[in-house]
Amino acid sequence: MSDMTQKDGTTRREFLKTAGVTAAGLLAATAAAKSSVYAVQAPRVIGANDRINIGHIGIGGQGMAHVNILKSNKQKNNTESVAVCEVWDKRLNAAKDATENTKCVTYKDYQKLLDSPDVDAVWIATPDHWHAKITIDAINAGKDVYCEKPLCRHIDEVTSLYKTVKGSKRILQIGSQGCSDTTYHVARDVVTAGKLGKLIWVQGSYCRNNPTGEWNWPIDESANETNLDWKMWLGPAPQRPWDPERYFRFRKYWDYSTGILSDLFPHRLHPLMLALGTPEFPSRVACVGGNYVHTKDREVPDTTHVLVDFPSGYSMIIAGTVENEYGLGDVIRGNKATLLLAGGSVELRPERVYADEIEAEKPPVNGPGEDIGVHESNFLDCMRSRKEPNCNIDLAAPVQAVICLAEMAYKQNKQMGFDAKTMQVVQDPKPVQVTA
């Protein structure tokens, strides 16, 4: 183990301990749900006509987008943004102004926002390395949670979040808006009706091309440690001197993100796994790729391809690059038919040898595409009905396990496995063997 790896691990454990969630608690998870720094509040029962009060934690580009979209739809959804939390003064003040609510309260410490009984739900749009800790704290504080993708940063956090959410009565929606695209719900009806026969393999991709280098967002020279709480921003990540490059372009660095794996692949993995019916944790994951074009200004790869096996006996291929925008279409293959998903349409094509048994069809798709506002409304509706939202923990946890195992496979240059019964990583996983 390298010195940096030792340092990183120690730093994270020390942070979790002082923050009120021990490393053992993260792994046990059930205990974590009961040992929060918060006394669990009695959540307000929200009726169909009651206003939902929202607190925002993390106001970067995506966080501000949520503030503005929710404001645009607040009459329809009957909501009000009543609190905002951000470590940088400039973003904090801009977020308060954007809510157009003169009574909106500002916080630099998210824990104080969670203490407020006026907040019913929180929107989390921090960098990835904070998602697990804030989500667990919010749930233990009695809040419903809309958290931007990815679910979390590390594989032990998948276990912790899964058990914490399942042991609570709180609603969690992950911000992967493709899950509210009707296309994938129609596809799920086709798949679960058995029209494809035995599921064989699934493909998808997320590809784009940025000549200046993906995630090289503008750096605001006015940001510094006098107006930005850098130590709070780092949180569970390794402690480093103030670095505006890391703050403004965090997705390029392993400490805070996995690049394509965590930023782009959730947009394919969540909808595709939703379309398959009951999501499964992966049994075996491989990952290849590298930095092929922008080789000097980032740690995470600019090209990544993931191959996954699932316990019931099918494979998935997800390809991605930020150096070429020509990707693979979403396709679900069975032994009797193939399902093509493109342009908001669903097309079932029978295999030639099963043409007498399976009929070709194009079931109608009525509804929105990947619309963030629709995805937010789904969450708010579920807050009132207490039904599960479109991207709930049962979907998000298996997807995040794929992402985390892919990172591990890439870094270790080996296949990684997962045991869904023990919720533990498996070294040297075996191929799936389906028994009759």
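Trainee: Where does Asp-428 lie?

Mentor: Asp-428 sits in the segment after strand S15 (424-427). Helices (H or I, at least four residues) and strands (E, at least two) are DSSP runs, numbered from the N terminus. Before we go on: this is a predicted model, where local features need pLDDT of at least 70, side-chain atom pairs count only at pLDDT 80 or more, and totals for chains, interfaces and linings use all residues. Residues are numbered from 1 along each chain as its sequence is written, and side-chain values use heavy atoms, with hydrogens and water left out.

Trainee: Thanks! What is phi of Asp-428 near?

Mentor: Phi of Asp-428 is near 50°, a positive value in a residue other than glycine.

Trainee: And is Asp-428 buried or exposed?

Mentor: Asp-428 counts as exposed because its relative accessibility is 54%. Buried means under 20% relative accessible area, exposed over 50%, and partly exposed in between (1.4 Å probe, protein chains only).

Trainee: Switching to peptide bonds, which residues does a cis peptide bond join?

Mentor: Lys-149 and Pro-150, with omega about 0°. You'll find Pro-150 in the loop between strand S5 (144-148) and helix H9 (155-166).

Trainee: Now strands. How many bridges join S11 to S12?

Mentor: Four bridges join strand S11 (residues 330-334) to strand S12 (residues 337-342), and these run antiparallel. Two strands pair if DSSP finds at least two bridges between them. A hairpin links S11 to S12 through two residues, and Asp-330 stands opposite Leu-341 in S12.

Trainee: What about S12 and S13?

Mentor: They run antiparallel too, with six bridges joining S12 to strand S13 (residues 345-350). Leu-340 stands opposite Glu-347 in S13. In this hairpin, which has two residues between the strands, Gly-343 takes a positive phi near 60°.

Trainee: Zooming out, how many helices and strands does the chain have?

Mentor: The chain has 16 helices and 15 strands. Of its 436 residues, 56% count as buried.

Trainee: How does the radius of gyration look?

Mentor: It agrees with a compact globule, because 436 residues would give a radius near 22 Å and the chain has 22 Å. That radius is taken over C-alpha atoms, and the globule rule is 2.2 Å times the number of residues to the power 0.38.
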